[in-house]
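Here are my notes from going through the model you sent over. Have it open beside you while you read.

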Amino acid sequence: MDIKSSPEHYALVAGVPTLDLVPIQQTVAYLLEGHVPYEFRTTVVKELHSEADFRSIGQWIRGCSAYYLQAYKDSPQVMKPGFSSYTRAELETFRQLLSETIPKVEIRGID
């Protein structure tokens, strides 16, 4: 399941100012109950995500089976140009922070 951002900034990052977060929160809660295999993932964008967002996400999906930080990659196909990725070292800082509440946190898509 894609986790766009922290609950506080989810609507902003999703680009839907009036987004009803309740169905998303219900889906997260259902997955955390372990009914079906799952993973959570976030494509990390420097202009959209902060350390505070990852602290909040870490509490929201605390104890989940797997969470992946995916490095943003710019391409001609992106809907909105002008975004950038964090460095591997910066993503590692987020990974360590998230590891306080999530047993398996990994980084994808960056060398």
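The points below go from the whole chain down to single residues.

1. First, a caveat: this is a predicted model, so please read every value below as computed from predicted coordinates.

2. The protein chain has four helices and three strands, and starting from the N terminus they come in the order α-α-β-α-β-α-β. If you want to trace the chain on screen, the strands to look for are strand 1 (40-44), strand 2 (67-71) and strand 3 (105-108).

3. How does the radius of gyration of the protein chain fit with a compact globule? For 111 residues such a globule would come out near 13 Å, and the protein chain has 14 Å, so the two agree. Along the principal axes, the C-alpha atoms take up a box of roughly 40 × 35 × 25 Å.

4. Take the contacts with a separation of 6 or more, and 71% of them join residues 24 or more positions apart. The accessible surface is about 6400 Å², with 54% of that area belonging to carbon and sulfur atoms.

5. A quick word on charge.

6. Just past the end of helix 2, look at the backbone of G34, which has a positive phi of about 80 degrees. V36 is in the loop that links helix 2 to strand 1. With a relative accessibility of 35%, V36 counts as partly exposed.

7. Helix 3 (51-60) has D53, F54, S56, I57, G58 and W60 as its buried residues. What do the buried residues of helix 3 pack against? Their partners are helix 1, helix 2, strand 1, strand 2 and helix 4. A52, also in helix 3, is another story: its relative accessible area is 51%, and because the cut-off for exposed is over 50%, A52 counts as exposed. From A52 to Y68 is 16 residues in sequence and 17 Å in space, C-alpha to C-alpha.

8. Is S5 buried or exposed? S5 lies in the segment before helix 1 (10-14), and its relative accessibility is 0%, so it counts as buried. Setting aside neighbours within four places in sequence, S5 contacts Y10, V13, H49, D53, I57 and W60. Among these, D53, I57 and W60 are buried residues of helix 3.

9. In helix 4 (residues 88-98), the buried residues are L91, F94, L97 and L98. Viewed down the axis of helix 4, they fall within an arc of 115 degrees, so they line one face of the helix. Strand 1, helix 3, strand 2 and strand 3 are among the elements that cover them.

10. Last, Y72, which is in the loop between strand 2 and helix 4. Its relative accessibility is 12%, so Y72 counts as buried even though it belongs to a loop. Leaving out neighbours within four places in sequence, Y72 is in contact with T43, V44, V45, V78, K80, F83, S84 and S85. S50 is 22 residues away from Y72 along the chain, and their C-alpha atoms are separated by 14 Å.

Key:
Residues numbered from 1 in each chain as written. Predicted model: local features only at pLDDT ≥ 70, side-chain atom pairs only at ≥ 80, totals over all residues. Heavy atoms only, no water. Buried < 20%, exposed > 50% of the residue type's maximum accessible area, 1.4 Å probe, protein only. Helix = DSSP H or I, 4+ residues; strand = E, 2+ residues; numbered from the N terminus. Arc of directions from axis to C-beta. Contact = heavy atoms within 4.5 Å. Rg over C-alpha atoms; globule rule 2.2 N^0.38 Å. Areas by Shrake-Rupley, 256 points an atom, 1.4 Å probe, with all protein chains shown as cover.
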